[in-house]
Amino acid sequence: MRMERVEETLERIRREVAQTPDGVLAFDGDGTLWSGDVGDDLFLALLEHGGVRPEARVGLERLGARHGVESHPDTVMLARALFAAFEAGRLPEKDTYEMMAWVFAGWLVEEVRGFAQEVVARKGVAQRIHPEARRVVEWARGQGVDCYVVSASPRAVVEAAVREVGLTAEFVLACTPREQNGRLQTSVFEPVPYGPGKVNCLRQRTSRPLCAAFGDNVFDLDMLAASRVPVAIRPKARLRERAAELPSLVQLQPEEA
C-alpha cells in the first residue's frame, strides 16, 4: 500500500464530494478511529463487574455447546471460557461479537448505555483517538459531510465512544441486541456489521454515494472496496496481506497526538 498524507487524502475526498455533494464517509471504529477494542473493554468490564445475568446463561451455554467449550456452573466463568476460546481461535469472530452484545441480556437498555459511558471514560478512549482519523472527521464535519461509523462492537459502547471524536449516535451502525419491554435479549439484529455485513448495514441505512471508507482490518475490506477512496488507518497484518486485492487502497500516514 502506498502511504498518503492526510492532506492528500482529504484533497481526493474533496474532489469526490464536489462531484457528489450528498456523498458520505464510513469509518470502522476499533483500531481505525481509536486504538484498542471498545467491545473487548465493555465485555471484560462486565465480567469484572460480575454483571452477567441469568437471562444470558442459556445463550452462553448454547454458544459453548456449538463450539466445544465446556460449560461451567458460574455464568461469569462460562463467559470467560468463551472469550478464551475466541482468543485461541476456536470461537468464530462473528459469533463472539454477537455474544458481546447480547451478553447483557436482562439489562435495561438505559442501564447498558450508562455502563458503556462509564467504561469509555474509565478506559480513556478520548486519549486513544488516532490524530489522523480525528483530522479527517473534523474536516468532514466542517464541510457538512456525514460520517457513519460501522462497527461489529456493541452499539451502546460504540455510541459512547464516537462522542469522543465529535460524532453522534445517529450515524452509528453497530451490533445491536434485540429487546423486549426495554430489556435486552440473547439475539441481535441482522445483518451484523462484520465483513460483507458492513456494506449491507450501510446500504440499509442510506443509498447515498460512499465517497470514502476507512478501516484497519481484513473484515473492513468489503466496505473499503465499496468506496471511491478506500483508506487504511494503521492497518493490521491481515489487511496488509490482502491489500493487493484492492489496488486503490492507500495507508493514511500516522500522526502523533
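# Rings and pockets in a predicted model

The structure, a predicted model, holds 11 aromatic pairs.

User: What makes the pair F27 and F214 stacked?

Analyst: The angle does it. Planes under 30 degrees apart count as stacked, and the planes of F27 and F214 sit at 5°, so this pair gets that label. The ring centres are 4.5 Å apart, and rings pair if their centres lie within 6.5 Å.

User: Which strands hold F27 and F214?

Analyst: F27 is in strand β2 (residues 24-27) and F214 is in strand β7 (residues 210-215).

User: Why does F27 count as buried?

Analyst: Buried means under 20% relative accessible area. F27 comes in at 0%, so it counts as buried.

User: And F214, is that one buried or exposed?

Analyst: Buried, because F214 has 0% relative accessibility and the cut-off is under 20%.

User: Why is the pair F104 and W107 called edge-to-face?

Analyst: Look at the planes again: over 60 degrees counts as edge-to-face. The F104 and W107 planes are at 80°, so the pair is edge-to-face. Their ring centres are 5.1 Å apart, and both F104 and W107 are buried.

User: Which residues form one aromatic cluster?

Analyst: That would be F43, F83, F86, Y97, Y194 and F219. Two of these names come back in the pocket story: Y97 and F219 are among the residues nearest the centre of the largest pocket.

User: OK, how many residues line the largest pocket, and which lie nearest its centre?

Analyst: The lining has 20 residues, with D30, D37, Y97, N217 and F219 nearest the centre. The volume of this pocket is about 310 Å³.

User: Which element gives the largest share of the lining of the largest pocket?

Analyst: β3, with three residues. Both β3 (147-154) and α5 (93-102) supply at least two residues of that lining.

User: What is the lining of the largest pocket by class?

Analyst: Nine charged, seven polar and four nonpolar residues. Asp counts as charged, which covers D30 and D37 near the centre.

User: And what about the second largest pocket: how much space lies in it?

Analyst: About 220 Å³. There are 15 lining residues, and V109, R155, A156, P177 and L184 are the closest to the centre. α6 (109-122), α9 (155-162) and β5 (177-180) are the elements that give two or more residues to this lining.

User: What classes make up the lining of the second largest pocket?

Analyst: Here it is 10 nonpolar, four charged and one polar.

Technical notes
Residues numbered from 1 in each chain as written. Predicted model: local features only at pLDDT ≥ 70, side-chain atom pairs only at ≥ 80, totals over all residues. Heavy atoms only, no water. 1 Å grid on protein atoms, 1.4 Å probe; cavity = no way out; pocket = protein on both sides within 12 Å on 5 of 7 lines; lining within 4 Å. Points joined across faces, edges and corners; volume = space filled by probe spheres on them. Helix = DSSP H or I, 4+ residues; strand = E, 2+ residues; numbered from the N terminus. Phe/Tyr/Trp six-rings, centres within 6.5 Å; stacked < 30°, edge-to-face > 60°. Buried < 20%, exposed > 50% of the residue type's maximum accessible area, 1.4 Å probe, protein only.
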